[in-house]
Amino acid sequence: MSSEPWTIRRVLAWTTQHFEKRQVDAPRLTAEILLSHVLELSRVRLYVDLDRPLSKEELGAYRALIERRMAGEPTQYLTGVREFYNRPFKVDARVLIPRPETELLVEAALRMLPRDAPGRALDVCTGSGCIAISLAAERPQATVTATDLSPDACALARENAQALGVADRVTVLQGDLFAPVPAGERFQVVVSNPPYIASGEIPGLSAEVRREPKLALDGGPDGLVAVRRVVTGARQWLEPGGLLAMEIGEDQGPAVLELLRAAGYADARVEKDLERRERMAFGTQPAASGPQG
């Protein structure tokens with residue numbers, strides 16, 4: 001065995017190689033994120049301190065995270081945090097890990113909320129609360145209602161709202177889609193990232209994704225069970241001219257477009273994400289009609 005000390009440089013090199021052999025996504029980045037977490041340092045600071053030796057305790061803690069990552073635990077669950085819309089969100093096995101493409105949904109919803117006046121938004125299937133909280137943080141006069149079927153997800157969303165300073169304007173309600181929303185409320189935008197993966201596809205997902213809550217993934221036999229209910233249900237809650245914005249599976253665009261048109265939305269459309277995949281669907285409440293009963 002080499003007597004060479006295990007410095008940050010040596011540990012990162014070894015871990016990166018180890019992850020590459022085991023086909024872990026983004027091996028170097030993953031190694032850096034996990035080591036930053038153990039040492040409580042920024043990734044930039046790691047490079048400043050490349051020749052710093054790790055203590056036996058630090059090596060032990062890092063080794064434990066490597067083993068858990070190799071067993072399929074997502075990096076974000078290991079560190080307990082995921083950056084989303086430039087804010088740190090607490091995440092764990094209670095919720096889906098926020099994805100970068102979901103930030104595009106936030107941007108679309110923000111366009112419906114005034115910058116310097118009160119606004120109202122509803123986030124259905126909120127999970128960690130990343131969408132609802134980002135909307136409230138970006139629009140200081142907006143109030144946001146968020147719902148989720150999972151009591152555990154609701155608890156974590158409330159934690160995140162408190163930690164990120166918007167708990168006074170984000171109301172998290174536990175229940176099935178629109179069921180917990182108080183009768184008579186209306187919103188300028190309804191946004192949702194519902195479960196949309198077909199049940200039969202879940203066993204074929206990566207080990208990391210299969211660690212995420214099945215409730216947040218499983219969209220039923222065709223992946224559209226929750227999507228259908230959001231499309232039809234949102235019209236009751238949208239103001240005239242209000243927007244429904246949803247994340248969908250990349251192969252679901254034509255089917256969702258048909259659902260939006262059948263439900264009576266104006267300007268029904270599907271848009272692509274930064275990787276040119278159809279991942280967002282939109283519909284507008286007709287301005288000439290009042291909310292549907």
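Axes here are lines fitted to C-alpha atoms, for helices over the stretch in contact, and angles run from 0 to 180 degrees between N-to-C directions. Helices (H or I, at least four residues) are DSSP runs, numbered from the N terminus. The structure is a predicted model, in which local features need pLDDT of at least 70 and side-chain atom pairs count only at pLDDT 80 or more, while totals for chains, interfaces and linings use all residues. Residues are numbered from 1 along each chain as its sequence is written, and side-chain values use heavy atoms, with hydrogens and water left out.

**Domains**

An automatic or database domain assignment divides the protein into domain 1 (8–71) and domain 2 (81–285). The centres of domain 1 and domain 2, taken over C-alpha atoms, are separated by 33 Å.

**Helix packing**

| Helix pair | Angle between axes | Axis distance |
|---|---|---|
| Helix 1 (residues 8–21) and helix 2 (residues 27–39) | roughly 135 degrees | within 8 Å |
| Helix 1 and helix 4 (residues 56–70) | about 15 degrees | 12 Å |
| Helix 2 and helix 4 | about 140 degrees | 10 Å |

Angles under 35 degrees count as roughly parallel, over 145 as roughly antiparallel, 65 to 115 as roughly perpendicular and the rest as oblique. Helix 1 and helix 2 are therefore oblique to each other, and the contact between them (heavy atoms within 4.5 Å) involves, among others, Ile8, Val11, Leu12 and Phe19 in helix 1 and Pro27, Ala31, Leu34 and Leu35 in helix 2. The residues of this contact of helix 1 with helix 2 divide into 10 nonpolar, three polar and three charged, where Ala, Val, Leu, Ile, Met, Phe, Trp, Tyr, Cys and Pro count as nonpolar, Asp, Glu, Lys and Arg as charged, and the others, Gly among them, as polar.

With its angle of about 15 degrees to helix 4, helix 1 is roughly parallel to helix 4. Their contact is made by Val11, Leu12, Trp14, Thr15, His18 and Phe19 of helix 1 and by Leu59, Tyr62, Ile66, Arg69 and Met70 of helix 4, and by class it has eight nonpolar, two polar and one charged residues.

**Salt bridges**

A salt bridge is taken as a side-chain nitrogen of Lys or Arg within 4 Å of a carboxyl oxygen of Asp or Glu, and by this rule the count comes to 22. One of them joins arginine 69 to glutamate 208, with the closest N and O atoms 2.8 Å apart. Arginine 69 lies in helix 4 and glutamate 208 in helix 9 (residues 207–210), so the pair ties together parts that are 139 residues apart in sequence.

Conventions: Helices (H or I, at least four residues) and strands (E, at least two) are DSSP runs, numbered from the N terminus.
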